[in-house]
Amino acid sequence: MWTNFKHSIIRSRWQIIGWGLIMGFYGAYMVSFYDNLLGMQDQFMELIANYPPELLAALGVSSPEELFSVGGYLNTYVFSYMPLIVGVLAILAGSGLLASDEEDGVLDLIMGHPVSRVRLFIGRLLAFVATLTAVAVLLWAGLAIGTLTVELDLSMINLMWPSLSLLAALLFFGTFSVMASMLLPSRKIAAMAAGGLLAASFLLTMFGNLDPTLSAIADISPLSYYQGGGAIEGVEWTWLAGQLLISIVFAVIALWRFQKREIRVAGERGFSLPRLRLRRSEAAQQA
Amino acid sequence: MIDDLKTNAEPAIRTKGLTKNYGEVRALRGLDLEVRRGEIFGFLGPNGAGKTTTIRCLLDMIRPSGGKAEVLGFDPQRDSVEVRARVGYLPGELRLYGYMKAGAMLRFLNGQRGGRADWDDVEELAERLGLDMNTPIKNLSKGNKQKVGVVQAFMHQPELMIMDEPTSGLDPLVQQEVFSMIQEARAKGATAFFSSHVLSEVEEIADRVGIIRQGVLVESANPSDLIERSLHRVTVRFREPVDWKMLTQVPGVEVFEADDGVTVSLQVEGEMDTLVKSLAKYPISSLETERPSLEEAFLVYYEDN
């Protein structure tokens with residue numbers, strides 16, 4: 001298990017460094033502007049008054065004043081769209097956790113060695129979780145470094161909660177992607193399904209913010225339970241636990257499917273999705 | 001200890017009525033196969049006959065639709081880790097991590113075995129095959145990648161080697177080296193089970209061969225027996241023209257050329273005793289027999305195809 005964990009982490013090192021550093025620098029850069037924003041609060045309020053409500057809804061802002069609290073600021077400028085950006089990493093890494101090696105044909109060779117499917121899966125899943133955690137930690141570190149340049153009445157622990165909330169959302173979509181890769185015919189289709197869920201969830205949450213009559217529908221959106229910068233004011237532990245619990249369920253389903261799965265060789269197709277079009281002969285018969 | 005005694009008494013590989021369906025395609029239709037411990041067994045068949053499917057069932061990559069399989073006395077599904085710990089596997093479609101160097105790839109695969117292989121042995125195997133361990137795999141030719149596959153299959157000195165087309169892409173010299181390695185492993189008590197399309201190599205090293213056709217084992221014998229049982233080509237030159245038509249009455253004989261009644265070409269199925277006795281009453285100038293190859297013997301089983 002640890003051989004596979006170590007190997008997967010080494011494979012992901014550039015993803016961790018690349019994504020983590022970019023997110024960290026971005027976080028530090030945005031936090032360092034907080035002072036400036038407060039100094040220009042009146043001008044900004046005038047500007048924001050002219051913003052279309054749809055834009056504020058997309059940024060997860062319910063009132064203009066919210067933009068000037070630390071949590072609201074971080075949410076608007078850093079965390080509101082972070083699940084969409086880092087979600088790409090979670091979905092691609094998740095869908096490729098095993099399906100990538102399987103489609104490349106390397107899994108056939110690895111599975112010829114005395115490693116159980118459970119150990120292989122868990123080793124790689126732990127590395128996947130560690131990769132996402134490392135990116136979230138680097139983002140947190142960037143935010144923390146950024147606070148050195150501004151005066152914020154905020155502890156490092158408080159600053160950690162938005163990153164933790166982001167990590168929970170990433171794990172949700174990442175493990176969904178792992179599960180989809182074990183249920184659907186190819187890695188590409190699994191990534192598309194998980195990406196579709198992420199985009200739909202983002203839009204649903206946005207429309208829910210915009211129109212209160214849609215809030216009941218928006219409640220089914222996973223991102224409705226993502227706090228982002230708002231977590232600074234207080235973490236919704238039930239939301240966090242719920243997301244993590246569902247992620248575990250996704251991972252367990254993925255493991256169950258992997259144990260039942262027939263390992264493909266390079267170039268071999270998965271199963272075909274049911275055909276929606278009638279066969280020509282069937283159509284002729286019906287005519 | 002009891003388990004060890006039990007497993008040593010078992011054949012290396014045994015399947016009974018093994019079936020595997022891919023939807024409507026029946027890849028294996030009740031395969032009965034037995035590979036004895038300590039032998040080199042060549043598994044022959046054309047594309048799509050079920051060779052790779054059999055191998056992948058034996059290693060729990062895919063699950064049989066029915067029947068039973070045993071590898072070294074273990075159930076490949078229930079005891080898959082036990083089986084793979086004792087087996088060296090070389091896939092037919094070998095794929096490796098292109099970004100790794102050959103040595104790093106072998107270290108990674110050795111890690112999957114808990115570091116069981118002695119690294120000095122790995123280096124020795126690589127040297128025998130002329131594999132440069134410091135070259136990135138993406139820069140290796142197909143043959144050199146195959147050498148990585150061969151080394152990883154041998155490096156932990158397995159009890160059983162299961163190899164799908166082991167010499168694919170290798171040059172003749174390296175092929176010979178691989179044959180030597182298989183024979184040396186056998187001399188130490190290991191069993192080798194390999195599929196191949198190259199019948200001359202099977203004929204060279206296999207103790208026994210099994211021929212699979214449409215998912216069923218149609219023959220299992222040693223190569224020389226197979227050859228003996230197959231068609232022999234015979235050319236007879238008589239001193240003077242003879243009535244060659246009587247030769248068509250000899251059981252197992254088919255005349256396919258007899259231009260002038262002096263030179264007659266025919267083929268004989270099975271032993272030649274009856275033909276020789278029939279020819280004894282004629283004045284013969286020369287008699288040439290052509291020893292069939294395993295390939296010809298093999299083709300007999302596929303004539304209908």
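Colleague: Let's start with chain A. Are α6(A) and α11(A) roughly parallel or roughly antiparallel to each other?
Modeller: Bear in mind that this is a predicted model. The axes of α6(A), residues 82–95, and α11(A), residues 187–210, come within 9 Å and cross at roughly 155°. Angles over 145 degrees fall in the antiparallel class. The two helices, α6(A) and α11(A), are therefore roughly antiparallel.

Colleague: And is the crossing of α6(A) and α11(A) left-handed or right-handed, and how many nonpolar residues does their contact have?
Modeller: α6(A) passes α11(A) in a right-handed crossing. Among the residues making the contact are L84(A), G87(A) and I91(A) from α6(A), with A190(A), A194(A) and L198(A) from α11(A). Four polar residues and one charged residue take part, and the nonpolar ones number nine.

Colleague: What about α1(A) and α9(A): roughly parallel or roughly antiparallel?
Modeller: The axes of α1(A) and α9(A), the latter covering residues 117–147, come within 7 Å and cross at roughly 20°. An angle under 35 degrees counts as roughly parallel. That makes the relation of α1(A) to α9(A) roughly parallel.

Colleague: Which way does α1(A) pass α9(A), and how many nonpolar residues are in the contact?
Modeller: The crossing of α1(A) past α9(A) is right-handed. Sorted by class, the contact of α1(A) with α9(A) has one charged residue and twelve polar ones, and the nonpolar count is 24.

Colleague: Now the place where the chains meet. Which helix gives the largest share of the side of chain A that touches chain B?
Modeller: The contact takes 18 residues from chain A and 19 residues from chain B. On the chain A side, α1 (2–31) and α8 (106–110) each supply at least two residues. The largest share, four residues, comes from α8(A).

Colleague: How many charged residues are on the side of chain A that touches chain B?
Modeller: Nine of the residues on that side of chain A are nonpolar.

Colleague: Over in chain B, which residue stands opposite G210(B)?
Modeller: Strand β8(B), residues 208–213, pairs with β3(B), residues 40–44, in the parallel sense over four bridges, and there G42(B) stands opposite V209(B). β8(B) also pairs with β9(B), residues 216–221, in the antiparallel sense over five bridges. In β9(B), the residue opposite G210(B) is S220(B).

Colleague: Which residue in the turn between β8(B) and β9(B) has a positive phi?
Modeller: These strands, β8(B) and β9(B), form a hairpin with two residues between them. The phi in question is about 45°, and the residue is Q214(B).

How values were computed:
Residues are numbered from 1 along each chain as its sequence is written. Chains are lettered from A and ligands numbered from 1 in the order in which they are written. This is a predicted model: local features need pLDDT of at least 70, side-chain atom pairs count only at pLDDT 80 or more; totals for chains, interfaces and linings use all residues. Two residues are in contact if their C-beta atoms, placed from the backbone, lie within 7 Å. Ala, Val, Leu, Ile, Met, Phe, Trp, Tyr, Cys and Pro count as nonpolar, Asp, Glu, Lys and Arg as charged, and the others, Gly among them, as polar. Two strands pair if DSSP finds at least two bridges between them. Axes are lines fitted to C-alpha atoms, for helices over the stretch in contact, and angles run from 0 to 180 degrees between N-to-C directions. Angles under 35 degrees count as roughly parallel, over 145 as roughly antiparallel, 65 to 115 as roughly perpendicular and the rest as oblique. A crossing is left-handed if the near helix is turned anticlockwise from the far one by less than a right angle, and right-handed if clockwise.
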